[in-house]
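Visitor: I would like to learn how to read helix contacts, pockets and cavities in a structure. Please take me through them slowly.

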Amino acid sequence: MFVLENVSKEYANSQVRSFAMRDVTLRIDRGELICVTGKSGSGKSTLLGILGLINQPTSGDVSFDDRRVSDASDAELAQIRRQKIGIIFQQFNLHPTLTAVENVMYPLYMLKDRQARSKAIQALADVGMDAFADRKPKQLSGGQMQRVSIARAFAKKPELIIADEPTANLDTENTQIVYQLLQRLNHEKGVTLVIATHDRDFSDSAVRRLNMQDGRLL
Ligand SMILES: Nc1ncnc2c1ncn2[C@@H]1O[C@H](COP(=O)(O)OP(=O)(O)O)[C@@H](O)[C@H]1O
Ligand SMILES: [Mg+2]
C-alpha cells in the first residue's frame with residue numbers, strides 16, 4: 001500500500017533548520033495494523049501526516065497504491081485522501097455546529113454519495129452511537145465524540161485509517177472501547193490501520209510496532 005524511501009521532513013525558520021523526520025524507509029502492506037510509538041516530539045505525528053497525505057516530505061519518495069505521491073499537487077492529494085483515507089484525531093475535530101450524523105455524513109457528502117445519510121446512520125450504529133445521531137458534539141462525552149469521529153473516518157469505507165493518539169483525552173474505559181472498535185475495523189473490514197499511541201497494552205498487542213526516536217525509525 002505504502003512505500004517510503006529515505007523520507008525526511010525538515011522545518012526551517014530564519015535561524016534554525018530542524019528535522020521532524022529523518023531518512024525513514026518503510027513499507028506498509030494492505031490489512032496491516034501498525035502502532036507507532038515514541039516519546040513526545042519523536043516524529044509520530046509527522047509520520048502519520050505523511051501517511052495521511054496531509055504533509056508532504058522535504059525529501060525522499062512516497063508511493064501510495066503504486067502511485068508516486070511525494071510530488072503530487074495539493075488537489076491530487078486531497079482527492080486521494082477523500083476517497084481512500086480516514087483520519088482520527090486526538091481532539092476529535094468534530095464540527096461544533098453539526099450534529100453527530102451530519103459530522104459522519106460530511107465526508108460522504110464531499111464524495112457526492114447519495115446514500116450519505118443511511119450510510120452515516122449505519123456507521124453510527126456500528127459504534128453504538130445511533131441513539132445520539134441528532135446531538136451536537138458539546139452534548140456528548142469525550143468517549144462518545146471519539147466514537148462519532150471513528151464512524152466519520154470509516155463510513156466511506158476507506159482503505160486506510162490513520163489515528164493520532166486517539167485515546168489521549170479519554171479515560172481507561174473509553175480507551176478500551178476505542179481500541180476494540182479500531183481492532184474490529186481491521187479484523188472484520190480489513191482496513192489498514194496506523195495508530196500513534198502511548199498505550200503500552202495496546203501497542204504490545206499490535207502485530208507490528210514502529211518505534212520512533214528523534215525523527216528516526218528504530
Ligand atoms: N509545523 C512545525 N514547525 C516546526 N517544527 C515542527 C512542526 N511540527 C512538528 N515540529 C517538530 O518536529 C518534531 C516532531 O514532532 P511531532 O511529529 O509532532 O512529534 P510527536 O507526534 O511524536 O510528538 C518536534 O521536534 C516538533 O517540535
Ligand atoms: Mg504527535
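**Helices that meet, and spaces between**

Visitor: Which residues in α3 meet which residues in α4?

Guide: A100, V101, V104, M105, L108 and Y109 in α3 meet A116, R117, K119, A120, I121, A123 and L124 in α4, where contact means heavy atoms within 4.5 Å. By class, this contact of α3 with α4 has 11 nonpolar, no polar and two charged residues; Ala, Val, Leu, Ile, Met, Phe, Trp, Tyr, Cys and Pro count as nonpolar, Asp, Glu, Lys and Arg as charged, and the others, Gly among them, as polar.

The model is predicted, so local features need pLDDT of at least 70 and side-chain atom pairs count only at pLDDT 80 or more, while totals for chains, interfaces and linings use all residues. Residues are numbered from 1 along each chain as its sequence is written, chains are lettered from A and ligands numbered from 1 in the order in which they are written, and side-chain values use heavy atoms, with hydrogens and water left out.

Visitor: At what angle do the axes of α3 and α4 cross?

Guide: An axis is a line fitted to C-alpha atoms, for helices over the stretch in contact, and angles run from 0 to 180 degrees between N-to-C directions. The axes of α3 (residues 100–110) and α4 (residues 116–126) come within 8 Å and cross at roughly 125 degrees. Angles under 35 degrees count as roughly parallel, over 145 as roughly antiparallel, 65 to 115 as roughly perpendicular and the rest as oblique, and therefore α3 and α4 are oblique to each other.

Visitor: Is the crossing of α3 with α4 left-handed or right-handed?

Guide: A crossing is left-handed if the near helix is turned anticlockwise from the far one by less than a right angle, and right-handed if clockwise; α3 passes α4 in a right-handed crossing.

Visitor: How do α4 and α5 pack?

Guide: Their axes are 9 Å apart, at an angle of about 130 degrees, and α4 also passes α5 in a right-handed crossing. Here A123, L124 and D126 in α4 meet V148, A151 and F154 in α5, a contact that divides into five nonpolar, no polar and one charged residue.

Visitor: What is the volume of the largest pocket?

Guide: On a 1 Å grid over the protein atoms alone, a cavity is a set of points where a 1.4 Å probe fits but cannot get out, whereas a pocket is an open set with protein on both sides within 12 Å along at least five of seven lines, and lining residues have an atom within 4 Å of a point. Points are joined across faces, edges and corners, and a volume is the space filled by probe spheres set on them. The largest pocket has a volume of about 460 Å³, and of its 17 lining residues the closest to its centre are I87, Y106, P107, R152 and K156. The largest share of this lining, four residues, comes from α3.

Visitor: Which residues line the largest cavity?

Guide: D126, V127, I150, F154, L181, R184, L185, E188 and K189 line the largest cavity, which holds about 60 Å³ of space. With five residues, α6 gives the most to this lining, and by class the lining has five nonpolar, no polar and four charged residues.

How values were computed:
Helix = DSSP H or I, 4+ residues; strand = E, 2+ residues; numbered from the N terminus.
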